[in-house]
Amino acid sequence: MSSLVDRYVSQLADKLIKKGKDLVEEALRTKTYEHDTYNLHDSYGAGVYYNGRLIREYYNTPNKAKKPKKNLGELEYGKDNIRDYLHEEYKPTTNGIVLVVVATMFYGEILERGGGKLKQKYKVISQISSDVDDVASKYKGSVRQIGLW
């Protein structure tokens with residue numbers, strides 16, 4: 001019985017990580033900011049968790065970044081942020097299968113929020129919210145949050 005459940009979970013996880021990849025690609029295709037260092041670009045990714053454990057992960061073409069960004073005195077690359085987030089920082093609040101799609105560089109939220117020295121708000125990831133809703137509906141799931149980490 002357990003192997004049947006394991007096969008089902010594995011097949012569903014494969015489908016969900018593909019959807020996560022598609023959502024990341026759509027977010028990058030429809031973003032409105034311009035790349036400077038590519039660190040934000042490299043911080044997009046997706047993960048599939050089963051009962052709180054990461055079982056699939058997708059990183060968007062890491063290693064394009066030209067130079068790290070400084071956050072609280074530390075140098076950060078986007079590829080490191082997404083890996084750390086999926087492996088160490090994100091903890092699902094429910095059991096079962098969870099798909100997470102995120103952009104993790106700290107300034108992604110600043111670009112989306114706008115204000116300060118920015119002349120406008122930029123689309124980083126929130127523009128895919130209807131696509132996220134469609135994926136949740138297709139798999140009879142729910143969306144807990146749209147936004148940036």
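**Exercise 1.** In which helix do R83 and D80 both lie, and how many residues apart are they?

*Solution.* The model is a predicted one, in which local features need pLDDT of at least 70 and side-chain atom pairs count only at pLDDT 80 or more, whereas totals for chains, interfaces and linings use all residues. Residues are numbered from 1 along each chain as its sequence is written, and side-chain values use heavy atoms, with hydrogens and water left out.

Step 1. Both residues belong to helix α3, which covers residues 78-89. Helices here are DSSP runs of H or I with at least four residues, strands are runs of E with at least two, and both are numbered from the N terminus.

Step 2. R83 and D80 are three residues apart, about one turn of the helix.

Step 3. The two side chains form a salt bridge, with the closest N and O atoms 2.6 Å apart. A salt bridge requires a side-chain nitrogen of Lys or Arg within 4 Å of a carboxyl oxygen of Asp or Glu.

**Exercise 2.** Identify the residues linked with D80 in a network of salt bridges, and state the accessibility of each member.

*Solution.* Step 1. The network links K79, D80 and R83. K79 meets D80 at 3.8 Å, N to O.

Step 2. Relative accessible area is classed as buried under 20%, exposed over 50% and partly exposed in between (1.4 Å probe, protein chains only). K79 is partly exposed at 23%, D80 is partly exposed at 25%, and R83 is partly exposed at 37%.

Step 3. The structure holds seven salt bridges. Another of them joins R113 to E109, with 3.4 Å between the closest N and O atoms. These two residues are four apart in helix α4 (residues 107-113), and are therefore separated by about one helical turn. E109 is partly exposed, at 36% relative accessibility.

**Exercise 3.** Describe the order of the elements and the arrangement of the open sheet.

*Solution.* Step 1. The chain has five helices and five strands, which run α-α-β-β-β-β-α-β-α-α from the N terminus.

Step 2. Three strands form the open sheet in the order β2-β1-β5, with antiparallel pairing. Strands pair if DSSP finds at least two bridges between them.

Step 3. β2 (53-59) and β5 (97-103) are the edge strands, each with a single partner, so one side of each has no neighbour in the sheet. From one strand to the next, the twist averages 20 degrees.

Step 4. Helix α1 (residues 2-30) packs on this sheet and touches β1, β2 and β5. The direction of α1 makes about 160 degrees with that of β1. Contact means heavy atoms within 4.5 Å; axes are lines fitted to C-alpha atoms, for helices over the stretch in contact, and angles run from 0 to 180 degrees between N-to-C directions.

**Exercise 4.** Why is β1 largely enclosed by the rest of the structure, and which residues stand opposite Y49?

*Solution.* Step 1. β1 is largely enclosed because six of its seven residues are buried. In the chain, buried residues make up 37% of the 149 residues.

Step 2. Seven bridges join β1 (residues 44-50) to β5, and six join β1 to β2.

Step 3. Y49 stands opposite V98 in β5 and opposite L54 in β2. G45 stands opposite V102 in β5.

Step 4. β1 and β2 form a hairpin with two residues between them, and N51 in the turn has a positive phi of about 50 degrees.
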